[in-house]
Amino acid sequence: PPFWILLSLPFYLMGLNFFITTLISFKMLMSLSFIGSVWLVGKLSPAKSKLTNMVLYAFNPLLIIENLVSGHNDIVMMFFALLAVYLFILRKKLSSLVIIVLSVLIKYVTALILPLLVYAAWKNMDTQKLLKLCFVAVFAFFLFWISRVEIQPWYLVWMFPFVVLVSSKKLTLITIALSFGLLLRYAPFLLQGDWNGMVPFYNFWLTLIPVFAVIIFMFLKKFMFTNTVSKSK
């Protein structure tokens with residue numbers, strides 16, 4: 001995408017055509033985007049949950065590995081997406097639209113957020129509702145994309161900031177479980193050395209088992225609480 005080429009050009013030039021220096025300069029870009037995203041998560045959070053949301057986001061192992069170690073440019077795209085939402089809340093609507101276009105021109109995942117911001121401006125939408133719709137939009141793209149290609153761990157980078165911002169404990173727990181499941185997908189490859197044989201089968205179940213475990217735990221907790229309340233009456 002065109003803006004990614006333009007944005008990454010100075011960091012490429014900083015590398016002076018040497019692999020190590022180019023690697024370090026691109027790591028700098030990813031690190032700045034990650035730190036900026038953490039700051040924006042804090043700015044977009046209610047005061048009572050600001051620190052919690054920032055900690056959940058900044059210290060998630062999947063986000064650290066995929067953004068800072070592997071260095072996928074998804075984090076740069078999400079920095080601009082979060083910045084667009086933040087500017088929109090500050091009523092800088094034109095700037096917000098320009099920034100979300102730049103996000104889309106880094107990677108097309110956030111394209112569905114663009115019409116959302118236009119609709120939110122028309123309807124004078126409140127912050128929490130906008131954040132929920134942003135999550136739905138990115139999640140819809142996620143489902144569409146994994147129906148076409150194999151799921152990859154860094155795809156969760158698209159959704160996680162909006163997950164912590166919508167203030168749903170159940171959704172946050174399930175997504176955290178999914179993040180651990182997605183990281184476990186690397187284990188069979190590391191043990192076997194390739195992606196063949198039984199590796200796809202192991203990947204499938206290693207991804208889902210943490211999610212199923214959390215859902216069962218939440219169900220049992222609710223069931224036990226309901227029974228306890230019933231007996232007390």
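Author: A residue is called buried when its relative accessible area is under 20%. By that criterion, 42% of the 233 residues in the chain are buried. The model discussed here is a predicted one.

Reader: What does the secondary structure of the chain come to, and what pattern does the chain follow along the sequence?

Author: The chain has 12 helices and 0 strands. Read along the sequence, the pattern is α-α-α-α-α-α-α-α-α-α-α-α. The C-alpha trace spans about 70 × 55 × 30 Å along its principal axes.

Reader: Why are α5 and α6 called roughly antiparallel to each other?

Author: The axes of helix α5 (residues 74-89) and helix α6 (residues 93-104) cross at roughly 165 degrees and come within 8 Å. An angle over 145 degrees counts as roughly antiparallel. The crossing angle lies over that limit, and α5 and α6 are therefore roughly antiparallel. The crossing of the two helices is left-handed.

Reader: Which residues make the contact of α5 with α6, and how do they divide by class?

Author: On the α5 side the contact is made by M77, F80, A81, L83, A84, V85, L87 and F88. On the α6 side it is made by K93, S95, S96, I99, I100, L102 and S103. By class, the contact has 11 nonpolar, 3 polar and 1 charged residues.

Reader: Which residues of α5 and α7 meet, and what is their division by class?

Author: A81, A84 and F88 of α5 meet I113, L117, A120 and A121 of α7. The residues of this contact divide into 7 nonpolar, no polar and no charged.

Reader: How do you know whether S25 is buried or exposed?

Author: S25 has a relative accessible area of 2%. The limit for buried is under 20%, so S25 counts as buried. This residue belongs to helix α2 (residues 19-44). Leaving aside neighbours within four places in sequence, S25 is in contact with F11, M14 and G15. The C-alpha atoms of S25 and L13, 12 residues apart along the chain, are separated by 8.9 Å.

Reader: Why is V163 called buried, and with which residues is V163 in contact?

Author: The relative accessible area of V163 is 1%. That value falls under the 20% limit, and V163 is therefore classed as buried. V163 lies in helix α9. Apart from neighbours within four places in sequence, V163 contacts F135, L171, T172 and T175. Between the C-alpha atoms of V163 and Y186, 23 residues apart along the chain, the separation is 24 Å.

Reader: What makes T175 a buried residue, and where is T175 found?

Author: T175 is found in helix α10. Its relative accessible area is 7%, and the limit is under 20%, so T175 is buried. Not counting residues up to four places away in sequence, T175 touches L156, F160 and V163. The C-alpha atoms of T175 and L97, 78 residues apart along the chain, are separated by 28 Å.

Reader: Why is N124 counted as exposed, and where is N124 found?

Author: N124 has 55% relative accessibility. Exposed means over 50%, and N124 therefore counts as exposed. The residue is found in the loop between α7 and α8 (127-146). N124 has a positive phi of about 55 degrees although it is not a glycine.

Reader: Why is S167 called partly exposed, and what is its phi?

Author: S167 has a relative accessible area of 45%. Buried requires a value under 20% and exposed a value over 50%; the figure for S167 lies in between, so S167 is partly exposed. The phi of S167 is near 60 degrees, a positive value in a residue other than glycine. S167 is placed in the loop between α9 (156-165) and α10 (169-184).

Terms used: Residues are numbered from 1 along each chain as its sequence is written. This is a predicted model: local features need pLDDT of at least 70, side-chain atom pairs count only at pLDDT 80 or more; totals for chains, interfaces and linings use all residues. Side-chain values use heavy atoms; hydrogens and water are left out. Axes are lines fitted to C-alpha atoms, for helices over the stretch in contact, and angles run from 0 to 180 degrees between N-to-C directions. Helices (H or I, at least four residues) and strands (E, at least two) are DSSP runs, numbered from the N terminus. Angles under 35 degrees count as roughly parallel, over 145 as roughly antiparallel, 65 to 115 as roughly perpendicular and the rest as oblique. A crossing is left-handed if the near helix is turned anticlockwise from the far one by less than a right angle, and right-handed if clockwise. Contact means heavy atoms within 4.5 Å. Ala, Val, Leu, Ile, Met, Phe, Trp, Tyr, Cys and Pro count as nonpolar, Asp, Glu, Lys and Arg as charged, and the others, Gly among them, as polar. Buried means under 20% relative accessible area, exposed over 50%, partly exposed in between (1.4 Å probe, protein chains only).
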